Amino acid sequence: MTTDPYFADTIMPWRQALLWASAVRRQLGRWEPLVAEHCRVMNDRSLSPKPAVPTTMTTEEMWQGEIERHFLLVAAHDLLKAIDLLDAPPAVDATVRAELTEARDLVEHWVENMPHFMVSDRPGSPGYKTGKNFAARNPRAGPYNWWSWNSQRGPMVTPNVSGEQVHELVAVTINVVVSVHPDLAEAVPPVPVGPWVVTSGGGWWPKQDPA
């Protein structure tokens, strides 16, 4: 890609990569507990007999989950742009790159895209390239589900990109930046404590006592 001289031979590309990796890590820490809480609520409803005190999520919590995922996608998109400015960028899986980019565009331009994806019988084809590509890869799944979870892959940022994959992208980016500019290490936020129990067989389940 063409890079403005502003970013050449300066610390700025590395700083930007670390900034957006940090933002993604923080957003994951805000979004994942809400996904786990949604899983707990759904699992309690499926139990028989039902728990004596059923768990619920408030409308405010549901909306917060949608908001946190929206800004997670925005930060992830900016991270991808920053990675591309580095002299030796870390490798990014093609599906991870494509779907994070597409999902960000679709949540950002929700006015144009919700009428296509938020119906059971999709009308025609989305009007823009990112929507067309997302729809081709996901004929049955949409881009607006903030609470998606898979028992074998954990919380899903998009239909094909897990939270774990995004955590890994963040960690790799941070390691690359700090190896070149160790003085930036003090700006790295800690890895958030995950709200999940990962079993020996690879299953992902929400902690019953998130505290």
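A residue counts as buried when its relative accessible area is under 20%, as exposed when that area is over 50%, and as partly exposed in between. The structure described here is a predicted model.

Gln 208 has a relative accessible area of 58%. Because this value is over the 50% cut-off, Gln 208 is exposed. The residue lies in the segment that follows strand 5, which covers 204–206. Twelve residues separate Gln 208 from Trp 196 along the chain, and their C-alpha atoms are 8.9 Å apart.

Three strands make up an open sheet, in the order 1-2-3, with antiparallel pairing. Strand 1 (149–150) and strand 3 (161–162) are the edge strands; each has a single partner strand, so one side of each has no neighbour in the sheet. Strand 2, residues 154–158, pairs with strand 3 in the antiparallel sense over two bridges. Within this part of the sheet, Thr 158 stands opposite Val 161 of strand 3.

**The nonpolar core**

The largest nonpolar core contains 43 residues. Those with the most contacts inside this core are Val 24, Trp 31, Leu 79, Leu 100, Val 157 and Val 166. At least two core residues come from each of helix 1 (12–46), helix 2, helix 3, helix 5 and helix 6 (163–180). Helix 1 gives the largest share, twelve residues.

What does Val 166 touch, not counting residues up to four places away in sequence? Val 166 touches Val 24, Leu 28, Leu 100, Val 157 and Val 161.

**Salt bridges**

There are six salt bridges in the structure.

| Residue | Partner | N to O distance |
|---|---|---|
| Asp 78 | Lys 81 | 3.2 Å |
| Glu 99 | Arg 137 | 2.8 Å |
| Asp 105 | Arg 104 | 2.8 Å |

Asp 78 and Lys 81 are both in helix 2 (residues 59–83), where they are three residues apart, about one turn of the helix. Are these two residues buried, exposed or partly exposed? Asp 78 has a relative accessible area of 17%, so this residue is buried. Lys 81 has a relative accessible area of 45% and is therefore partly exposed.

Glu 99 and Arg 137 meet through their side chains in a salt bridge. Glu 99 belongs to helix 3 (residues 94–108) and Arg 137 to helix 5 (residues 129–137), so this pair ties together parts that are 38 residues apart in sequence. Glu 99 is buried, because its relative accessibility is 0%. Arg 137 is partly exposed, with a relative accessible area of 31%. A network of salt bridges links Glu 99, Glu 102 and Arg 137.

**Asp 105**

Asp 105 is a residue of helix 3. Why does Asp 105 count as buried? Its relative accessibility is 16%, and buried means under 20%. Asp 105 forms a salt bridge with Arg 104. With neighbours within four places in sequence left aside, Asp 105 is in contact with Asn 113 and Thr 130.

**Summary**

Glu 99 is buried at 0% relative accessibility, and Asp 105 is buried at 16%. Gln 208, in the segment after strand 5, is exposed at 58%.

Notes
Residues numbered from 1 in each chain as written. Predicted model: local features only at pLDDT ≥ 70, side-chain atom pairs only at ≥ 80, totals over all residues. Heavy atoms only, no water. Helix = DSSP H or I, 4+ residues; strand = E, 2+ residues; numbered from the N terminus. Buried < 20%, exposed > 50% of the residue type's maximum accessible area, 1.4 Å probe, protein only. Pairing = 2+ DSSP bridges. Salt bridge = Lys/Arg side-chain N within 4 Å of Asp/Glu carboxyl O. Core = buried A, V, L, I, M, F, W, Y, C linked by side-chain atoms within 4.5 Å. Contact = heavy atoms within 4.5 Å.
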